[in-house]
Amino acid sequence: TFITVWSNIFLRGKLKKNETILIHGGSSGIGTTAVQLSKHFGANVFATAGSSKKCLAVKKLGALECINYKKNKFEERIFDLTENKGVDVVFDMVAGSYITRNLKCLKPDGRLIVIAVQGGLKAEINFGQLMKNRHTITGSTLRPQSDKSKAAYTRSLIKNVWPLLNKSKVKPVIQKIFSFSKVSHAHKALEKGEHIGKFLLKI
């Protein structure tokens, strides 16, 4: 999760201090990592999650506000929260119908970063608006990249983030540890979607 967040938000998305970011899935393993790192490096963080309990946990990690996407249209809330300015970066793992909604959340020169396609592989966008607002859409997945690229990400992570982990300034959020013999229970717990952070299997 730390390599995914570091390589996409900070290396590809170039999030800077005092910029504003919207992180979807703020209570997930990736999301809890993204909230902590974005906050630590000086960004103003907003997030989405699917329950009041999850939103509370995300705010405790450093988000200024967490939007319950089951009760609110996140693009409308973002404009309320930013005084109609929008955000500099959207970090998305949904894609599909979220793409056009994400673009609405962006300021001029904003960046949309896609790391998963839980909502679908395709979307229709208005390229006129894209050009007018000078938006950038980017994304990546780690597995197919070269060993050279992965090594570069790792070196950058060790230099910039590992000291924070060593000092516990940021840390993985672990919901529960299952013994390997209970792997089916872990999958069932994961499928319920009620977790905050990660489940671990102890081998």
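The structure is a predicted model, in which local features need pLDDT of at least 70 and side-chain atom pairs count only at pLDDT 80 or more, while totals for chains, interfaces and linings use all residues. Residues are numbered from 1 along each chain as its sequence is written, and side-chain values use heavy atoms, with hydrogens and water left out.

### Two helix contacts

Helices (H or I, at least four residues) and strands (E, at least two) are DSSP runs, numbered from the N terminus. Axes are lines fitted to C-alpha atoms, for helices over the stretch in contact, and the angles between N-to-C directions run from 0 to 180 degrees.

The axes of helix H4 (residues 74-81) and helix H5 (residues 98-105) come within 9 Å and cross at roughly 10°. H4 and H5 are therefore roughly parallel to each other; angles under 35 degrees count as roughly parallel, over 145 as roughly antiparallel, 65 to 115 as roughly perpendicular and the rest as oblique. On the side of H4 the contact is made by Phe 74, Glu 75, Ile 78 and Phe 79, and on the side of H5 by Tyr 98, Arg 101, Asn 102, Lys 104 and Cys 105, contact meaning heavy atoms within 4.5 Å. By class, these residues are 5 nonpolar, 1 polar and 3 charged; Ala, Val, Leu, Ile, Met, Phe, Trp, Tyr, Cys and Pro count as nonpolar, Asp, Glu, Lys and Arg as charged, and the others, Gly among them, as polar.

The axes of helix H1 (residues 2-12) and helix H7 (residues 147-160) come within 10 Å and cross at roughly 90°, which makes H1 roughly perpendicular to H7. H1 contributes Phe 2, Ile 3, Trp 6, Ser 7, Leu 11 and Arg 12 to the contact, and H7 contributes Tyr 153, Thr 154, Ser 156, Leu 157 and Asn 160. The residues of this contact divide into 6 nonpolar, 4 polar and 1 charged.

### Aromatic pairs

A search of the whole structure finds 5 aromatic pairs. Rings of Phe, Tyr and Trp (its six-membered ring) pair if their centres lie within 6.5 Å, and planes under 30 degrees apart count as stacked, over 60 as edge-to-face and the rest as tilted. The table gives two of the pairs.

| Pair | Ring centres | Planes | Class |
|---|---|---|---|
| Trp 6 and Phe 10 | 4.8 Å apart | 25° | stacked |
| Phe 74 and Tyr 98 | 4.9 Å apart | 50° | tilted |

Trp 6 and Phe 10 both lie in helix H1, 4 residues apart, about one turn of the helix, and Trp 6 is buried, as is Phe 10. Together with Phe 41, Trp 6 and Phe 10 form one aromatic cluster. Phe 74 lies in helix H4 and Tyr 98 in helix H5, so this pair ties together parts that are 24 residues apart in sequence.

### Cysteines

A disulfide is a covalent bond between the sulfur atoms of two cysteines. A search of the whole structure finds 0 disulfides, a disulfide being a pair of cysteine sulfur atoms within 2.5 Å. The sulfur of Cys 105 is 14 Å from the closest cysteine sulfur, in Cys 66, too far for a bond. Cys 105 counts as buried at 0% relative accessibility, and Cys 55 counts as buried at 7%.

Asn 133 is found in helix H6 (residues 127-133). Leaving aside neighbours within four places in sequence, Asn 133 is in contact with Lys 107, Pro 108 and Asp 109. The C-alpha atoms of Asn 133 and Asp 109 are separated by 6.1 Å, although these residues are 24 residues apart along the chain.

Most residues other than glycine have a negative phi. Arg 134, in the loop between H6 and strand S6 (136-139), has a positive phi near 55° without being a glycine, and at 47% relative accessibility Arg 134 counts as partly exposed. Ala 95, in the loop between strand S4 (87-92) and H5, is not a glycine either and has a positive phi of about 60°; at 5% relative accessibility, Ala 95 counts as buried.

His 195 has its place in the loop between helix H9 (183-192) and strand S8 (198-202) and is buried, with a relative accessible area of 17%. Not counting residues up to four places away in sequence, His 195 touches Ser 27, Lys 54, Gln 175 and Leu 190.

Note on methods. Buried < 20%, exposed > 50% of the residue type's maximum accessible area, 1.4 Å probe, protein only.
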